[in-house]
Amino acid sequence: MTLPLPALSSPASAQPARIPFFDLAAQTSELIVEIRAALERVIGSQRFILGEEVAAFEREIAAFLGVRHAIGVSSGTDALTIALTALGVGPGDEVVTTPYTFFATTGAILRVGARPVFADIERASFNLDPARVAEVMSERTRAILPVHLFGQAADMTALRALARHHSVALIEDAAQALGATLHGERVGTWGDMGCFSFFPSKNLGAFGDGGLVSTNDDRLAALARSLRNHGFGAKHHSQRLGGNFRLDALQAAILRVKLPHLASFNARRREHAARYLQSASGSLRLPRELEARQHVYHQFVIRSPEREALAARLAARGIATEHYYPTPIHLQKACADLGYRAGAFPEAEAAARESLAVPIFPELEGWMVSTVAEALAAE
Ligand SMILES: Cc1ncc(COP(=O)(O)O)c(C=O)c1O
């Protein structure tokens, strides 16, 4: 059986004059033969919902993470919603989280009816500052939800100690950090539950949406499996309110092809980062790999008080950049009811004003990495 997939143009023959911020074409080309075979296997099986393909992916990624249970779900956002629900977070509860992240982290807290309570970030890592978290814990706090932003672990040792001290749940938003470690342990295995995204641009990207929940707890794993599928115990017997939050078998098949390459994808990201760090001029504020961590550089984010001018100079050299994230979460319109004002979280607000991400995806060609490195050196 041959699938009528369009032929991909060779990236070499269509080398762009500019350096894209992100481009999946080269990775897809490298793996297309295996991916086509995997898609044909699923089509041949006619088993598109859950089944062996999803189960096999879950076993394989659980082994990669070093965790007892991995549950494939429909997106990183849905992974967060499932984790919060499985841990019993709902109306009347507070969840302490970061104001400097992608909106989904807070969106999931709001969706389960709980109240997000923000704590400021650490300047050095862009991640939740445990000292600030301690200040906002209350008797209504039900969970702490750190994000391993841009691919580097948050301070899980301190956050886990805080969660245990207050007897609250710890949920990791590891959407950007699959493969990152702290003290040699992968993120997503430190808390009660870990949440991952397979959005195409993530370090492990599907051909569409996908996500994962990880846990070492048998009870929480069973709950997450039930919640992703209408709260079923036995088929058509809903024990609780769940939803359709399943990972597609076709996406699982693609992810199974890519997973064995994840370590090398992450190694390439780290090589590009090392090159940038080595070349960059002293006037730029650069990302730092903190002690005991292995950063997987989902993004390489530099800082400058004159961010727009820096972005313009990079653009003049053909280098595309992105702002992650232009508006901190507490100042988003969707959070207006929470009553936070500008100035509430100075570190998050400064990061939102100053940060600029440069291209770091694994398949950047040598000349592209050199061009970015030279541009950073010229600053
Ligand atoms: C930190 C963070 N959390 C959650 C998500 C949500 O993941 P998804 O897009 O798969 O729903 C993303 C990415 O998109 C993210 O970057």
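The domain bounds used in these views come from an automatic or database domain assignment. The model shown is predicted.

**View 1. The largest cavity lies between domain 1 and domain 2.** Domain 1 spans 36–259 and domain 2 spans 262–377; because both give residues to the lining, the largest cavity is placed between them. Its volume is about 70 Å³. The lining consists of Ala124, Ser125, Phe126, Leu149, Phe150, Gln152, Pro287, Arg288, His295, Gln299, Phe300 and Val301. Seven of these lining residues are nonpolar, four are polar and one is charged. The model has two cavities of 30 Å³ or more.

**View 2. The second largest cavity also has a lining drawn from both domains.** About 40 Å³ of space lies in the second largest cavity. Phe22, Leu24, Gln27, Pro200, Lys202, Asn203, Gly205, Arg269, Pro362 and Glu363 form its lining. By class, the lining of the second largest cavity has four nonpolar, three polar and three charged residues. Domain 1 (36–259) and domain 2 (262–377) each contribute to this lining, so the second largest cavity lies between them.

**View 3. The ligand sits in the largest pocket.** The ligand is surrounded by 15 residues. Gly76, Thr77, Asp173, Ser197 and Lys202 are the closest of them. Lys202 is also one of the residues that line the second largest cavity.

View 4. Of the 380 Å² that the ligand exposes when taken alone, the protein buries 93%.

Conventions. Residues numbered from 1 in each chain as written. Predicted model: local features only at pLDDT ≥ 70, side-chain atom pairs only at ≥ 80, totals over all residues. Heavy atoms only, no water. 1 Å grid on protein atoms, 1.4 Å probe; cavity = no way out; pocket = protein on both sides within 12 Å on 5 of 7 lines; lining within 4 Å. Points joined across faces, edges and corners; volume = space filled by probe spheres on them. Nonpolar A, V, L, I, M, F, W, Y, C, P; charged D, E, K, R; others polar. Near = heavy atom within 4 Å. Areas by Shrake-Rupley, 256 points an atom, 1.4 Å probe, with all protein chains shown as cover. Sits in = over half its atoms within 2 Å of the grid points.
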